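I wanted to follow the strand pairing here, one hairpin at a time. Notes below, in the order I looked things up.

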Amino acid sequence: MSTAQCHCGAVSVAVSAPITDVNVCHCQACQRRTGAPFGMIAWVAADAVTVTGMTSAWTRTAASGRGFTSRFCPICGSNILFEAPLKPGVIGIAAGAFADPDFPPPVRSVWEEHRHPWVMLPDGAAQFPQGRPVLPHKVNP
Ligand SMILES: [Zn+2]
Ligand SMILES: [Zn+2]
């Protein structure tokens, strides 16, 4: 069991499955939402995720034309959960919210055309200049 939480602790997210699908995104929206050079999200099967506490939501239109919903703590503003129609049945969790140095490294890095040049990715991470190509019938390759 891994547990993520927001900055103030009002929202916590417990995960009962192994975390494998960790993504880094260098897009300008992720830079702005995090205040950091890139966003890092773990995508987990929704039935393995238990959220405690209230969240607020905001949906933007992603480059794909689809909605991308961020959920955040209404008290401290930490952006902790994500939902994307591209990834049905899974919930995104802000990787940093686990505050775990042993958290699994990213398997995929997207929107590298906006990557700060000093940001290095671990060996084995699949790298894409823009969003990941849509692979029908394969949610989590
Ligand atoms: Zn909070
Ligand atoms: Zn992004």
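Started with β8 and strand β9 (residues 90-94): I find them paired in the antiparallel sense, over two bridges. This is a predicted model, so I'm reading everything here as such. For a specific contact I checked Phe82, and its bridge partner in β9 is Gly92.

Next, how covered is β8? Mostly: I get four of its five residues as buried.

Then the other partner of β8. Strand β8 (residues 79-83) is joined to β7 by four bridges, and the two run antiparallel. Thr69 has Glu83 in β8 as its bridge partner, and Phe72 stands opposite Asn79 in β8. The β7 and β8 hairpin has six residues between the strands, and in it Gly77 takes a positive phi near 85°.

Last stop, the other side of β7. I see strand β6 (residues 56-61) paired with strand β7 (residues 67-72), antiparallel, over six bridges. Arg60 stands opposite Phe68 in β7. Which residue takes a positive phi in the hairpin of β6 and β7? I landed on Gly65, near 90°, with five residues between the strands.

Terms used
Residues are numbered from 1 along each chain as its sequence is written. Chains are lettered from A and ligands numbered from 1 in the order in which they are written. This is a predicted model: local features need pLDDT of at least 70, side-chain atom pairs count only at pLDDT 80 or more; totals for chains, interfaces and linings use all residues. Two strands pair if DSSP finds at least two bridges between them. A residue is buried if 20 or more other C-beta atoms lie within 10 Å of its own, exposed if 12 or fewer, and partly exposed in between; C-beta atoms are placed from the backbone.
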